[in-house]
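Subject: Structure handover

Hi,

Here is the structure I promised to pass on to you.

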Amino acid sequence: MAENDNRPDDGSEMDVVRSSAIELIRNAAPGLRRIRVRSGAADIELEWTALAGEPARAAAVQAPVAVEAVLDEGLHYVRSPIVGTFYRAPEPGAKPFVAAGGRVEKGQQIGIVEALKMMNPIEADCSGEVVEVLAADGTPVEFDQRLIAVRTADTP
C-alpha cells in the first residue's frame, strides 16, 4: 500500500502519480495550501498561502483548505472552446456562475471567455455536481483546457 493511502499499490500510473504527489507535499515549502496533479501529459500545480507583505486581497480570495490532488479520471470536464481570458462571474464582484459542490445543468452558463474583446458565454455540455472549478478567474485559458470538473450520473 502507498503510505498515507488506503488504496492498494498495484504499480499503475495513477499509483505512481499518487506516490509522487505525497512526496511533493512532504517536501514543499511551508504554507502550501493546494496541489493539483494531472496524469495525462503530466501537469503539476502548487499554490501557497499569501506571505507577509503581499496584498491582503490575495490572502482573502479563499480561506486555506486541505491539500488536495485531482486524480479522479472518471470525471467529465467542461473545456474551453477558444483561447482567451476566463471569467467565473458576469462582472467583477458578482457571484460566480458555478461553484464547487453546486449543481450544473446541461446548457447552463459556467463562465465567460473573452477573446478579441468579445465576451463568449461558456455553457456546460452535461449535467451533474461541480466537483472543482479548474480555471481561476481572470486567467488565460487555452483551446480545450479543462474549466470545470463535473461528476455526472454516469460517473461514480
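Below is what I found, going from the overall fold to single residues.

Please keep in mind that this is a predicted model. The protein has 156 residues, and 31% of them count as buried. It contains two helices and 10 strands, and along the sequence these follow the pattern α-β-β-α-β-β-β-β-β-β-β-β. The accessible surface amounts to about 9700 Å², with carbon and sulfur atoms holding 55% of that area. Among contacts with a separation of 6 or more, 54% are between residues 24 or more positions apart.

**The sheet**

An open sheet of four strands, paired antiparallel, has the order S3-S10-S8-S5. Its edge strands are S3 and S5 (103-104), each of which pairs on one side only. S8 (residues 128-133) and S10 run antiparallel and are joined by four bridges. If you want a spot to start from, valine 133 stands opposite isoleucine 148 of S10.

In soluble globular proteins, nonpolar side chains tend to be buried together. Here the largest nonpolar core has 16 residues, and Val78, Phe86, Val98, Val104, Ile110, Leu147 and Ile148 are those with the most contacts inside it. S6, S8 and S10 are the elements that give two or more residues to this core, and S10 provides the largest share, three residues.

Which residues does valine 98 touch, leaving out those up to four places away in sequence? The list is Arg88, Val104, Gln108, Gln109, Ile110, Val130, Val133 and Ile148.

**Salt bridges**

The count comes to two salt bridges. One is between the side chains of arginine 79 and aspartate 144, at 3.8 Å from N to O. Arginine 79 lies in strand S3 (residues 76-79), while aspartate 144 sits in the loop between S9 (139-141) and S10 (146-151), so this pair ties together parts that are 65 residues apart in sequence. Arginine 79 is partly exposed, at 34% relative accessible area, and aspartate 144 is partly exposed too, at 39%.

The other salt bridge joins glutamate 105 and arginine 103, whose closest N and O atoms are 2.9 Å apart. Glutamate 105 is partly exposed, with a relative accessible area of 39%. Arginine 103 has a value of 55%; the exposed class begins over 50%, so arginine 103 counts as exposed.

**A loop to look at**

Where do you find leucine 116? It is in the loop between strand S6 (109-115) and strand S7 (118-123).

Best wishes

Note on methods:
Residues numbered from 1 in each chain as written. Predicted model: local features only at pLDDT ≥ 70, side-chain atom pairs only at ≥ 80, totals over all residues. Heavy atoms only, no water. Salt bridge = Lys/Arg side-chain N within 4 Å of Asp/Glu carboxyl O. Buried < 20%, exposed > 50% of the residue type's maximum accessible area, 1.4 Å probe, protein only. Pairing = 2+ DSSP bridges. Core = buried A, V, L, I, M, F, W, Y, C linked by side-chain atoms within 4.5 Å. Contact = heavy atoms within 4.5 Å. Areas by Shrake-Rupley, 256 points an atom, 1.4 Å probe, with all protein chains shown as cover.
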